[in-house]
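Keep the viewer open as you read.

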Amino acid sequence: MKLFPIFADLKNRRVLVVGGGAVAERKTLALLEASAHVVVGAPELTPALTELAAQGRIVYLAGRFDAAWLDDVWLVVAATDERAANAAVSEAAGARRIFTNVVDDPELSSFQVPSIVDRSPVIVAISSSGVAPVLARRVRERIESLFDHTLGQLAALAATYRKRIRASHPDLGARRRFYDWLLDGPVAGLLRQQQPAQAEAALTQALDAPLTPAEGSVVLVGAGPGDPGLLTLKALRALNEADVILYDRLVSDEVMSLARRDADRVGVGKLPGENHHATQARIHALLVEHAQAGKRVVRLKGGDAFIFGRGGEELEYLRAHGVRFEVVPGITAALACAAYAGIPLTHREHAQSVRLITAHCREDEDNLDWPALAREKQTLAFYMGVGQLELLTRRLLAHGRAAETPFALIENGSRPEQRVLSGTLDALPRLAAEHEIRSPALLIVGEVAGLASRLQWFGQHIDGSAIPA
Ligand code: SAH
């Protein structure tokens, strides 16, 4: 069976829906979206359909199907839960050459309703010709993830300016390049930033000066803790569109493998012998250099770029150099490690607050407020703590945190090799040394960490309290 795809204009056209249940309701709403004149025939209606009838937004024909319902109708949707009733509708409509869809019944249907991805005015319709609706749904999900929700606005803007674009770029090649610029450049970026007026201004400005130089930009993207499933759709899109990717050491290979094949990948972890300051200066220079060369740069960081990620410094540098940027948040290690270790960071009984703390504190430059940190009924999430466990534990205990406070140390959180070590605070340095916990690892201290033994569901769990000292 080969189907012919069409997009039907149903505006003010009479469409009959037979059936008054949940499915009929869904179909009715979709038809109303398309401004169809919907007539619903059924012995009874759902409350929502009843309401629509009361508001005069649909016409209600009470009772069982009657062929007279087909008068003046362009299309029919049969959504009763009796196959015989659906078949009768299909047959009567077919005799009058009216296209009919029987929901989930391709055999009785003369047209089918595709799955859609809606970025109006752009609509993508997907069909498996009725043979594999589950597959069609999968395809839809994939396509859904590819395009930002502002694509529709961009298409509408392009439509508004179509004549002027044609006039200012009469040559077909030049016009294509202009549309590429429109889809990839600052206009699309400004729409994603919810600045439609500026987007339109950028477009009209480009029309007046047809030779637009390529303008590069930077997207600061949080890559999450490692599991590629924890990327946001926006992060995935940015990776798909990147010309250059500057990535940190913490970004997992699985995440990198999702990036556009021909993007340049530049690892910007610390070079051997290089200090942090030099690394950061080198990154700043690279970002500006690539953006000014007209590239779409993705700056990819582990977790979230604004949590111990120096994202703020990089953006300040970009702003000072007039480089356009966007920020895509990522799932930070504390959230991911807690989730993958079965530790709720807050809890009605055990913790009313969470603190994200960098443990990268040398003994001589320790500015943390230890008395506050040592208070109970709060959760502490320490980043970069593996080398400092001895010091951390000593300080917390000295300031009054109980020796039996639970901790969980999550190594390689969300990755296949994840290990969770749990126990009580006084035993933390010893247990961590015994089990050779290595960076990257995140330390959670607080009553909630005790739940890890009960709620663990991912990777390997080592219950330190079960092992005699
Ligand atoms: N911007 C990052 C944090 C960078 S600091 C974020 O938002 O997650 C680096 C520290 O993050 C590591 O020392 C470790 O404490 C923590 N970390 C990052 N990824 C981790 C992971 N997959 N598992 C455990 N800890 C992780």
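A pocket here is an open set of grid points with protein on both sides within 12 Å along at least five of seven lines, and its volume is the space filled by probe spheres set on the points. With that in hand, the second largest pocket of this predicted model holds about 1400 Å³ of space. It has 42 lining residues, and Asp248, Arg249, Leu250, Phe308 and Met384 sit nearest its centre. Two or more lining residues each come from α12 (276-292), β11 (296-301), α13 (311-320), α14 (333-341) and β17 (441-445), with α12 giving the most, four residues.

The largest pocket takes up about 2100 Å³. Its lining counts 48 residues, and the ones closest to the centre are Gln112, Val113, Pro114, Ser115 and Ile116. The elements that give two or more residues to this lining are α1 (22-33), β4 (75-78), β5 (99-102), β6 (115-119), β7 (122-126) and α4 (133-146). Helix α1 has the largest share, at six residues.

Here's how the two linings divide by residue class:

| Pocket | Nonpolar | Polar | Charged |
|---|---|---|---|
| Largest pocket | 28 nonpolar residues | ten polar residues | ten charged residues |
| Second largest pocket | 15 nonpolar residues | 17 polar residues | ten charged residues |

**Around α1**

Let's stay with α1 for a moment. Threonine 28 belongs to this helix, and its relative accessible area is 0%, so it counts as buried. Beyond its neighbours within four places in sequence, threonine 28 is in contact with Val17, Val38, Val40, Leu49, Leu52 and Ile58.

Val38 and Val40 turn up again in the contacts of valine 59, which touches His37, Val38, Val39 and Val40 once residues up to four places away in sequence are set aside. Valine 59 sits in strand β3 (residues 59-62) and is partly exposed, at 32% relative accessible area.

**A strand with both faces covered**

Is β8 (residues 217-222) enclosed or open? Six of its six residues are buried, so the rest of the structure largely encloses it. Ser217, Val219 and Val221 are buried on one side, and Val218, Leu220 and Gly222 on the other. As for its partners, β8 pairs with β11 in the parallel sense over six bridges, with valine 219 standing opposite valine 298. It also runs parallel to β12 (residues 324-328), joined by five bridges; there, serine 217 has arginine 324 as its bridge partner.

**Helix α14**

Now for α14, one of the elements lining the second largest pocket. Its buried residues include Ala334, Ala336, Cys337, Ala338, Tyr340 and Ala341. What do the buried residues of α14 pack against? The list is β13 (354-358), β14 (379-383), β15 (406-411), β16 (419-424), β17 and α18 (452-455). Just past the helix, glycine 342 has a positive phi of about 75°.

**What the record says**

An unreviewed UniProt entry places "domain: Siroheme synthase central" at residues 124-145. In the model that span is 59% helix and 14% strand, with its end C-alpha atoms 13 Å apart. The record, again unreviewed, puts "domain: Sirohaem synthase dimerisation" at residues 151-207. Here the chain is 86% helix and 0% strand, and 20 Å separates the end C-alpha atoms.

Most residues other than glycine have a negative phi, and most peptide bonds are trans. A few spots go against that.

Serine 35 isn't a glycine, yet its phi is positive, at about 60°. It lies in the loop between α1 and β2 (37-42) and is partly exposed, with 34% relative accessible area. Methionine 384 does likewise, with a positive phi of about 55°. You've met this residue already, among those nearest the centre of the second largest pocket. Its place is in the loop between β14 and α16 (389-398), and it is partly exposed at 43%.

As for peptide bonds, the one from serine 120 to proline 121 is cis, with omega near 5°, and proline 121 falls in the loop between β6 and β7. Another cis bond joins serine 439 and proline 440, with omega about -5°. Proline 440 is in the loop between α17 (428-434) and β17.

Key. Residues numbered from 1 in each chain as written. Predicted model: local features only at pLDDT ≥ 70, side-chain atom pairs only at ≥ 80, totals over all residues. Heavy atoms only, no water. 1 Å grid on protein atoms, 1.4 Å probe; cavity = no way out; pocket = protein on both sides within 12 Å on 5 of 7 lines; lining within 4 Å. Nonpolar A, V, L, I, M, F, W, Y, C, P; charged D, E, K, R; others polar. Buried < 20%, exposed > 50% of the residue type's maximum accessible area, 1.4 Å probe, protein only. Pairing = 2+ DSSP bridges. UniProt positions renumbered as here; feature names shortened; annotations may be inferred. Contact = heavy atoms within 4.5 Å.
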